[in-house]
Amino acid sequence: MKKKLTISSLVLIVAAFACQKEIVNQVFFFKSPSYFPKPTYHFETNNITDAGFALGKKLFYDPLLSIDNSTSCGSCHTSTSAFTHNDHDLSHGLNGALTKRNSPPLMNLAWSSSFMWDGGIADLDLQPIAPITSQIEMGETMEHVVSKINKNPNYKPLIFKAFGTNTITGETLLKALSQFMLMCTSTEAKYDSVKRGQAKYTQVEQEGYNIFLAKCNACHNEPLFTDNSFRNTGLKTSILNDSGRYLITLDKRDLFSFKVPSLRNISYTPPYMHDGRFFSLADAIEHYNSQVVNMQTLDPLLKKEGSLGIRLSKDEKTKLIVFLKTLDDRVFVMNRKLGE
Ligand code: HEC
Ligand code: HEC
């Protein structure tokens, strides 16, 4: 009996291992599916290697990057929720201080032309400086983080393998973080299987897709489900009074415009919108149907022929949600190679 148990548990372990290995092989190499546009990231100055990725991953999950060793990048970007801060509208960083905005998912960043809800950062390699030096998020200086890492013996072999040097610099630290984040690709949703001819939509999913193409795709452009533009969707202004893209361009036409977020992995990323005001997908969709507020900079697509928003019947809303769930990528959110 004892022996039998051992053998069967061994089989289980081997099976689990095989399964894990399959997932790893599937997504570990950076790949751009044939139906995706060309990535915008400059790989020629920062080529992804196994060692660079491993170093980047350790840095991403290391609270050493914050002043009081309390907060890592992973504190606000959890892999199992597509790297958003799950269940938080605004995120808390140091001493519970709140961020101004909702932590966005980190995925398919190699195809993004700008970062943050207002697009204030143009290069992924420069993005981590913002959270590391923010008094609300990690409260550090780059110099001090670099010196803490160089004093930590655990990092030595990793740095050497990745960059062939004994010490890390601000530049190599940022490059390693980029290598980890670039590997956070989401390309294994049902939508992707259908694109590759490996699966078929159900009737309802197909109807939802057709509604999506007609009413949403102009901004949430497939296959990334964002066109990387900034738009004002007529959300009622809140007490945060965040003027969005305007803060970067100081162009009045950009008042209250925010980056069009990807809708991939939408089931894993509530709450929704730049300030996390909607806790359910149904509420986020209802916004377009009945809550769009008219203002000068409202996107023209949302005030066509004098009518505000995008009319959706009850049936259409249901089918849209069914389609949007085909954008959930379990392989991505469960990938142990990316998780802490
Ligand atoms: C306290 C929570 C918090 C911490 C810690 C944090 N982030 Fe973020 N992150 C956010 C929020 C909130 C935003 C959105 C900010 C905005 O739009 O103004 C964001 C945005 C981003 C973006 C832009 C994504 C996009 O698609 O535009 C990247 C990349 C990112 N964070 C990576 C990191 C890295 C790397 C670290 C660690 C060095 C980190 N974050 C630490 C909360 C956090
Ligand atoms: C005019 C461009 C535009 C159109 C059309 C549009 N959206 Fe959006 N969508 C946006 C922008 C911009 C945001 C972010 C708004 C913000 O936070 O201020 C957004 C946010 C969302 C979110 C929240 C995502 C998140 O991660 O927070 C969902 C869900 C969504 N849209 C679904 C839809 C659906 C479904 C349709 C079609 C019925 C649609 N959108 C049509 C531009 C658009």
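Helix axes are lines fitted to C-alpha atoms over the stretch in contact, and the angle between two of them runs from 0 to 180 degrees between N-to-C directions. In this predicted model, helix α2, spanning residues 50-60, packs with helix α6, spanning residues 156-163, at an angle of about 140°. The axes of α2 and α6 lie 8 Å apart. Angles over 145 degrees count as roughly antiparallel, those under 35 as roughly parallel, and those from 65 to 115 as roughly perpendicular, while the rest count as oblique; α2 and α6 are therefore oblique to each other. The crossing in which α2 passes α6 is left-handed. On the side of α2, the contact is formed by Ala51, Gly52, Ala54, Leu55 and Lys58, and α6 contributes Leu158, Ile159, Lys161, Ala162 and Phe163. By class, seven residues of this contact between α2 and α6 are nonpolar, one is polar and two are charged.

The surroundings of the two ligands were examined next. Ligand 1 has 27 residues around it, of which Cys73, Cys76, His77, Met116 and Trp117 come nearest. Met116 also places a backbone N or O atom 2.6 Å from an oxygen atom of ligand 1. Helices α3 (73-76) and α4 (129-133) each provide at least two residues of the shell around ligand 1. In this shell, 14 residues are nonpolar, 10 are polar and three are charged.

Around ligand 2 there are 24 residues, and those that come nearest are Cys216, Cys219, His220, Met273 and Tyr288. The side chain of His220 brings a polar atom to 2.9 Å from a nitrogen atom of ligand 2. For Tyr288, a side-chain N or O atom is 2.5 Å from a nitrogen atom of the ligand. The backbone takes part through His274, which has an N or O atom 2.7 Å from an oxygen atom of ligand 2. Two or more residues of the shell around ligand 2 come from each of strand β2 (258-259) and helix α11 (281-291). The largest share, four residues, is supplied by α11. Classified by residue type, the shell around ligand 2 contains 17 nonpolar, three polar and four charged residues.

Methods. Residues numbered from 1 in each chain as written. Chains lettered and ligands numbered in written order. Predicted model: local features only at pLDDT ≥ 70, side-chain atom pairs only at ≥ 80, totals over all residues. Heavy atoms only, no water. Near = heavy atom within 4 Å. Polar contact = N/O pair within 3.5 Å; in protein donor to acceptor, adjacent residues only side chain to side chain. Nonpolar A, V, L, I, M, F, W, Y, C, P; charged D, E, K, R; others polar. Left-handed = near helix turned anticlockwise from the far one by under 90°. Contact = heavy atoms within 4.5 Å.
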